[in-house]
Amino acid sequence: KMSNVGNDYDLLISLSAGLIVEPCSSHVAENGYLLVNDSHSDARMAFVSGDWQLMAFWDRDVSKFITDEVDKCFRVMQKGTDETKPITTEQAQESVEIGAKSKRSFKLLMEPMFFLFQKKKRLDTKSDE
């Protein structure tokens with residue numbers, strides 16, 4: 001546990017760092033950013049966590065971040081159709097446990113190299129008394 005680390009960092013970078021999003025998210029300020037690749041399924045775990053909003057992905061064909069097509073990320077192709085569905089928490093967890101793309105029970109529509117997320121604002125759960 002990192003008890004002496006604050007929670008006001010503007011950027012968390014996880015490039016092949018393993019699964020760090022869950023234990024380190026609390027150190028990122030609201031509206032802070034996460035730059036992450038998905039080599040250890042860290043990006044898909046951020047996506048399904050509900051704490052992060054996907055803002056952009058890196059398109060290596062044009063060498064830039066794309067912001068207007070993020071809805072294509074983390075979409076699972078449905079066998080025998082052209083339809084896709086959002087990845088589920090169970091599928092993201094399967095990715096963590098199995099690792100290899102070829103052994104997963106599903107295929108993603110696209111798998112960009114990098115993702116940029118923004119931390120969502122926490123809703124105040126306290127009621128006015």
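Q: How many helices and how many strands does the chain have?
A: The model is predicted, and in it local features need pLDDT of at least 70, side-chain atom pairs count only at pLDDT 80 or more, while totals for chains, interfaces and linings use all residues. Residues are numbered from 1 along each chain as its sequence is written, and side-chain values use heavy atoms, with hydrogens and water left out. Helices (DSSP runs of H or I, at least four residues) and strands (DSSP runs of E, at least two) are numbered from the N terminus. From that end the elements run β-α-β-α-β-β-β-β-α-β, and the chain has three helices and seven strands.

Q: What percentage of the 129 residues is buried?
A: A residue is called buried under 20% relative accessible area, exposed over 50% and partly exposed in between, with a 1.4 Å probe and protein chains only. By that rule, the buried part of the 129 residues in the chain is 33%.

Q: Over how many bridges do S3 and S7 pair?
A: On one side, strand S3 (residues 52-59) pairs with S4 in the antiparallel sense over three bridges, and there Phe57 has Ile66 of S4 as its bridge partner. Toward S7, Trp52 stands opposite Lys119. The pairing of S3 with S7 is also in the antiparallel sense, and its bridges number five.

Q: Which residue in the hairpin of S3 and S4 takes a positive phi?
A: This hairpin has four residues between its strands. The phi in question is near 55°, and the residue that takes it is Ser63.

Q: Which residues of helix H3 are buried, and which exposed residues lie on the face turned away from them?
A: The buried residues of H3 (residues 89-98) are Gln91, Ala92, Glu94 and Ser95. Seen down the axis, with directions taken from the helix axis to the C-beta atoms, they fall within an arc of 155°, so they line one face of the helix. These buried residues pack against helix H2 (42-49), strand S5 (75-77) and strand S6 (84-86). The face turned away carries the exposed residues Glu90 and Glu97.

Q: Which residues does Arg104 contact, leaving aside neighbours within four places in sequence?
A: Arg104 lies in the loop between H3 and S7 and is buried, with a relative accessible area of 11%. Arg44, in helix H2, counts as buried at 2% relative accessibility and touches, among others, Phe74, Ala92, Ser95 and Arg104. The contacts of Arg104 are Arg44, Glu94, Ser95, Ile98 and Glu111.

Q: Which residues do ring pairs link into a cluster?
A: Rings of Phe, Tyr and Trp (its six-membered ring) pair if their centres lie within 6.5 Å, and planes under 30 degrees apart count as stacked, over 60 as edge-to-face and the rest as tilted; the whole structure has five such pairs. The rings of Phe115 and Phe117 have centres 6.4 Å apart and planes at 35°, so this pair is tilted. Both residues count as buried, Phe115 at 2% relative accessibility and Phe117 at 0%. The cluster linked by ring pairs consists of Phe47, Phe74, Phe115 and Phe117.

Note on methods
Contact = heavy atoms within 4.5 Å. Pairing = 2+ DSSP bridges.
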